[in-house]
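Hello,

Here is the structure I said I would pass on. My notes on it follow below.

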Amino acid sequence: MDLIIVESPSKAKTISKYLKGKYKVAASGGHVRDLPERTLGVKITENFEPKYEITASKKEVIKRLAAEAKKCGKVYLATDREGEAISWHLQTVLGLDENQANRIEFNEISPAAVQNALKTPRRININLVDAQQARRVLDRLVGYKLSPLLNKRIQNGLSAGRVQSVALRLIVDREREISAFKPEG
């Protein structure tokens with residue numbers, strides 16, 4: 001029996017019903033690896049290479065998925081959201097062959113869409129993975145230095161990334177304009 005890995009447990013249940021027991025369907029619960037929490041996790045001097053760790057809450061998930069993968073013939077990765085990167089991380093931690101066409105996609109959860117996806121698996125698109133990694137690295141490079149400032153000056157528990165830093169800059173610039181304003185008259 002082949003294995004299909006999706007993100008959501010409820011999606012796994014629905015797809016399993018559609019496939020009528022012909023495939024084992026399991027859920028990853030989203031990202032299984034990320035940059036370390038307490039360090040930058042990006043090797044700036046080595047072409048901004050990210051250093052990933054298995055997320056603590058996902059160690060049991062990985063163990064379970066690895067056991068399932070060993071029992072199954074082929075493993076299909078059908079993740080959504082940031083699917084390409086999540087599939088790449090799963091492929092890596094599960095030790096799947098990177099040259100194998102094991103990535104499937106569907107834009108709706110229906111029997112026809114799932115069946116069609118299974119007919120046309122493809123290799124993971126490393127360009128899409130790299131695009132997601134670039135966004136994640138940029139978030140970390142900007143946010144790792146900016147988040148402590150937000151926590152100190154605005155509110156504890158806030159984090160910043162590439163989007164928040166631009167918004168913060170706009171706010172700071174506007175506050176400076178307001179402070180520099182000299183009313184006439």
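Valine 6 has alanine 27 as its bridge partner in strand S2. The chain runs from S1 through helix H1 (residues 9-19) to S2, a right-handed β-α-β crossover (with the strands pointing away from the viewer, the path from the first strand over the helix to the second runs clockwise). Helices (H or I, at least four residues) and strands (E, at least two) are DSSP runs, numbered from the N terminus.

The model is predicted: local features need pLDDT of at least 70 and side-chain atom pairs pLDDT 80 or more, while totals for chains, interfaces and linings use all residues. Residues are numbered from 1 along each chain as its sequence is written, and side-chain values use heavy atoms, without hydrogens and water.

S1 (residues 2-6) and S2 (residues 23-27) are parallel, with five bridges; strands pair if DSSP finds at least two bridges between them. S1 also pairs in the parallel sense with strand S7 (residues 75-77), over three bridges. There, leucine 3 has valine 75 as its bridge partner. Four of the five residues of S1 are buried (under 20% relative accessible area, 1.4 Å probe, protein chains only).

Valine 75 is in contact (heavy atoms within 4.5 Å) with Leu3, Ile5, Ala69, Leu96 and Asn102, leaving aside neighbours within four places in sequence.

Is serine 87 buried or exposed? Serine 87 lies in helix H3 (residues 83-93), and it counts as buried because its relative accessibility is 0%. Beyond residues up to four places away in sequence, serine 87 touches Leu77, Thr79, Arg103 and Ile124.

Regards

Definitions and conventions: Buried means under 20% relative accessible area, exposed over 50%, partly exposed in between (1.4 Å probe, protein chains only).
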